[in-house]
Amino acid sequence: MENNFLVDSDKLSPEALEKKHRLENDPSCRTNHMEYMPGMDIIKSDICDKVLSEMNSYDYSKYTAKDVVAALNHDHCSIEDFKALLSPAAEPFLEKMAERARLETSKHFGNTVYLFTPLYIANYCENYCVYCGFNCYNNIRRMKLTTEQIEHEMKVIADSGMEEILILTGESRAASSVEYIGEACKLARKYFRLVGLEVYPVNVDEYKYLHECGADYVTVFQESYDTDKYETLHLMGHKRVWPYRFDAQERALMGGMRGVAFSALLGLSDFRKDALATALHAYFLQKKYPHAEISLSCPRLRPIINNEKINPLDVHEKQLCQVLSAYRIFLPFAGITVSSRESAQFRNGIVKIAATKVSAGVSTGIGDHESKYTGKEDEYDQGDEQFEISDSRSLDKMYQDIEGEGLQPVLNDYLFV
């Protein structure tokens, strides 16, 4: 599978090409992916061992139809029930799972669907993650918005009616410092009621600073909970340190963030084990921090610039629906986000079953909201996108389509006093 992820190398310098080749082919050239780098907080959480123990011992082939039926008949879904619902034995019961998930969603969230949009403010990255369009060896147009450009982008988005924004960067402290991200949060607070972050993991004091700047919640993709597979996909950079990334949500809560979101990128490794670990990560953290708002995402791989061959590994829409339905049954109170990586048809269906939040008016590029939202030419150059999206509907179109499904689109439900 690794070979399908390798990026175009035609325009790399000879020195960079040699280093890239060594990283890909000689594991001894890579740093220890389980060893912290200098300056990284080590919080010694007890959650990691619990998650890995459950995931590594998970043999989904042992579950039978009887186990699935029992899980669906229980009022409360245990970890063992959840494992059964993620297993291949549950696939023939997908319709019953979806109906149970729909009832749980309706019970805890009514008929509401929340809307947000992402804003990428920089695409510089210091990591070599072989499946990602932003990786440092991928030859793309790099860009970092100035504070003036960030505010312009935010105003364009806010003028569309959007009230929640998710700020994203590539993972480069040098290009996108914590202070730079903090200034973006301060600007976002002028225009939006809810501000999320999806940036490189930081320390507790830095999360505290970003929260004070206006950030409400933090999303971190673990990408894969399979530590051995993770090592082969993240060859260089801070992101290579698996345990530091794993503890990011807990550090964010320790820093005062109100909410945290979890995700594996399904298709990188065994999706059933990654889905189990994602939900258990959220489950154990909420038991430890019961005040936290917990949410899950369920993205699949998408094609990137210079590599059109990237696609989810054995994760089709049927399997994705199974995972999302199992998430809802196991964690009925958790928010579930389905991004524009998925088709409009799939998202229209899944919001009636398990999803509670979807993105709209999405761009994964840098500095192009003027043209996408208003049709006017952008005032400045643009940076390339992280991955291709599948659902490009505007906020207005998404709003209409959600209403057409008999649901209530919601832009914000927070009161600030």
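A residue counts as buried under 20% relative accessible area, as exposed over 50%, and as partly exposed in between (1.4 Å probe, protein chains only). The structure is a predicted model, in which local features need pLDDT of at least 70 and side-chain atom pairs count only at pLDDT 80 or more, while totals for chains, interfaces and linings use all residues. Residues are numbered from 1 along each chain as its sequence is written, and side-chain values use heavy atoms, with hydrogens and water left out.

**Exercise 1.** Determine whether the span of helix α13 agrees with its number of residues.

*Solution.* Helices are DSSP runs of H or I with at least four residues, numbered from the N terminus. The expected span is 1.5 Å times one less than the number of residues. For the 18 residues of α13 (residues 271-288) this comes to 26 Å, and the end C-alpha atoms are 26 Å apart, which agrees.

**Exercise 2.** Work out how far α13 is enclosed by the rest of the structure.

*Solution.* Begin with the count: 13 of the 18 residues of α13 are buried, so the helix is largely enclosed by the rest of the structure.

**Exercise 3.** Describe the surroundings of T219.

*Solution.* T219 lies in strand β5 (residues 217-223) and is buried, at a relative accessible area of 7%. Setting aside neighbours within four places in sequence, T219 is in contact with L166, L197, E198 and A261, where contact means heavy atoms within 4.5 Å.

How values were computed. Helices (H or I, at least four residues) and strands (E, at least two) are DSSP runs, numbered from the N terminus.
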